[in-house]
Protein chains: 2
Amino acid sequence: MSSFRFTIDAECSDSWARAGTIETPHGTIQTPIFMPVGTQATVKSVSPEELKAAGAQIILGNTYHLMLRPGSELIQSFGGLHSFMNWHGPILTDSGGFQIWSLGHLRKLNEDGVVFKSHLDGSYHTLTPERIMQIEAEIGADIILPLDICAPYPCSPAEAKKAMEWTHRWEERALIEKERQRPEQTLFGIVQGAFEPELRQQSAEIIGKMPFPGLSIGGLSVGEPKEQMWEMLNHVTPSLPRDKPRHLLGVGSPEDLVIGVGLGMDMFDCVLPTRVARHGGLFTQDGRVSIKKARFRTEHGPIEEGCDCYTCQNYSAAYVHHLARTEEQLYYRLGSIHNIRFMLRLAQRLREVILNGSYAAFREEFLARYIPASQEIREAQREKWKQAAREKQRL
Amino acid sequence: MSSFRFTIDAECSDSWARAGTIETPHGTIQTPIFMPVGTQATVKSVSPEELKAAGAQIILGNTYHLMLRPGSELIQSFGGLHSFMNWHGPILTDSGGFQIWSLGHLRKLNEDGVVFKSHLDGSYHTLTPERIMQIEAEIGADIILPLDICAPYPCSPAEAKKAMEWTHRWEERALIEKERQRPEQTLFGIVQGAFEPELRQQSAEIIGKMPFPGLSIGGLSVGEPKEQMWEMLNHVTPSLPRDKPRHLLGVGSPEDLVIGVGLGMDMFDCVLPTRVARHGGLFTQDGRVSIKKARFRTEHGPIEEGCDCYTCQNYSAAYVHHLARTEEQLYYRLGSIHNIRFMLRLAQRLREVILNGSYAAFREEFLARYIPASQEIREAQREKWKQAAREKQRL
């Protein structure tokens, strides 16, 4: 029914890293891969042609946002998200679960589903595992995810267990409904279990055995220290089937990509690269720099010497600095393109080093050089973004 | 010294319309032409490649904004504005005069020059006709304008006369200084005279006889009813030399282009097409439409059937509507590209009808069909923009 296929091209001997190939109805994806996020049917500031030029092989759409605006039926009437937004490569849609817990005002959760209040206009919406399959069928992505319950961080072991078991039951219902909707779509399973090693392992085993062609690891990167996230993957990965692609939901930064690959992850998605770009943060091999800093004012060279992105190939760092300081729209585009290309080139490089057996050395070298944003800075930034989002909602 | 040349390719027999060719160091311009405005070294939301694809032959930079940020010396250190912003076609810079009167806080005007306060940080700057020539030499545009005094609207005949005579004396000084700076740049003269027919005629004759290779008509489109602007051109044009290109400063809308050409104007520049686009106003042959209107929500066709712009060739009106409603950055780009292409296609069409002798018929047909924004709407809009600009300055 489905033209989805995953093959492993190489595996690392001294880590869980692998390189693979995913085939979808809209094209082939070579893993490890980073998936730029197009929340509202657009990767913020960037056109489909620019995504393609930056090496994007698959992008992500957010079901929660799309079902509220412009609505999944409208998208369907345009032949699906691919033609609506003019992106003809593979697309993955999440289930909206994460946004319902974080953005929507949760009203009522029962075995059947969830009633929530839209963050846009306060209207009420009822979602069930079946309804989400209908919505995702209308949106028409190549890879879709089932409705899940993302436990808050921190939470009690009992809460974590309840959310996990609930999610498992909903996933079974999603599997059944999906076959009734559009069998040609590929439904990934979601592994939950919060920060309980035993639950994580259990979830990996249960979901791993269900007939999902791929698996997403959910409920991580929700505010916990990074070490805790990596510890969880240490428990999850050994319990996952080898032959299914693994997607680490909502992760992450350049260093996350490098580390996550070694922990057996194949696919990554995150708004971080485009969001930090919009705030002036641009990736280089030495870490994230702020293009607004005075030292770039007269910089004749590109943001990073040797970078092959459109921005670095065509503009000086001084020009990008000028656009950022004057808050010109072109800045948001040029910054986003640079960071997206950085992530995709990094994914490409990771694939190369897995194929040629030098992943471990590359990982060491990369992490020794790349200075990540500190936990403190990351938390301050997250607070700032939340504040901005709240202000925007009040307007 | 200068490689600037203007040749007239055709003249209309029943109006003052003409089609011409301008040669500059960075390329050839076919007139009539619309020049997109790149205030801060970028045409808002649009890349140089997109400008080119939309048919832009020359763009405008604002001296006032550029000298404050990033500074003309910095631009010079990058080899001028062309390489700084990666636009390698012709550029025209205005003199900053208009912005000094409208944005800067005028402190002191004397025969030598003007001291004003920056709208950005309140710092004081002294400008003289000579200093402006130095600044424009550093920016390095193909066509440059001299410092002028734009009389307020309305103003007394005595005020109008004083401003005009002052401007004339400054223009003589600019001519001398420009030869000392960069003789290869082309300095246009500016015709002033406010809304006094005799002064307008006088200014046209005086400036027309001075050794400027081209002429800009200043001091119009400053808040007066449009009829008054056209009446002024009726007094100006007959007094202008036939063999110099004529630039109508800060004008305008599609209908202004069509009417202005008949009154003998060859070059037009205005932020209006990109500014109204950012607010949802998109041009069609029937007039300006608001893409945010509900009727576009489900529109499968493009913004305008038959439009050859990138936006209309690749996206449905419904998608553009969705982006505009969700305030996605890609909207500002797609809307701006559509309006810029509309203006440039209109200029192209005007050239065609002048060349084939059907300008008068085209003008009649266009104006019968195109419903312009009313004076009332235009004033309300102007107020809204001013308010937004004031708020931005307060932040």
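These notebook entries record what I looked up in a predicted model.

**Conventions.** I worked with a predicted model in which local features need pLDDT of at least 70 and side-chain atom pairs count only at pLDDT 80 or more, while totals for chains, interfaces and linings use all residues. I numbered residues from 1 along each chain as its sequence is written, lettered chains from A in the order in which they are written, and used heavy atoms for side-chain values, leaving out hydrogens and water.

**Symmetry.** I superposed chain B on chain A by a rotation of 180° with 0.0 Å of shift along its axis, at RMSD 0.0 Å (least squares on the C-alpha atoms of residues with pLDDT of at least 70 in both copies). The two copies are thus related as by a two-fold rotation axis. I found that Gln329(B) comes closest to this axis among the residues of chain B, its C-alpha lying at 3.8 Å.

**Helix pair.** I then examined helix H8 (197–209) and helix H9 (226–236) of chain A, which pack at about 45° with their axes 8 Å apart (axes are lines fitted to C-alpha atoms over the stretch in contact, and angles run from 0 to 180 degrees between N-to-C directions; helices are DSSP runs of H or I, at least four residues, and strands runs of E, at least two, numbered from the N terminus).

**Sheet.** I noted an open, antiparallel sheet of 3 strands in chain A, ordered E7-E8-E9. E7(A) is joined to E8(A) (114–117) by 4 bridges (pairing requires at least two DSSP bridges). Lys108(A) stands opposite Val115(A) in E8(A).
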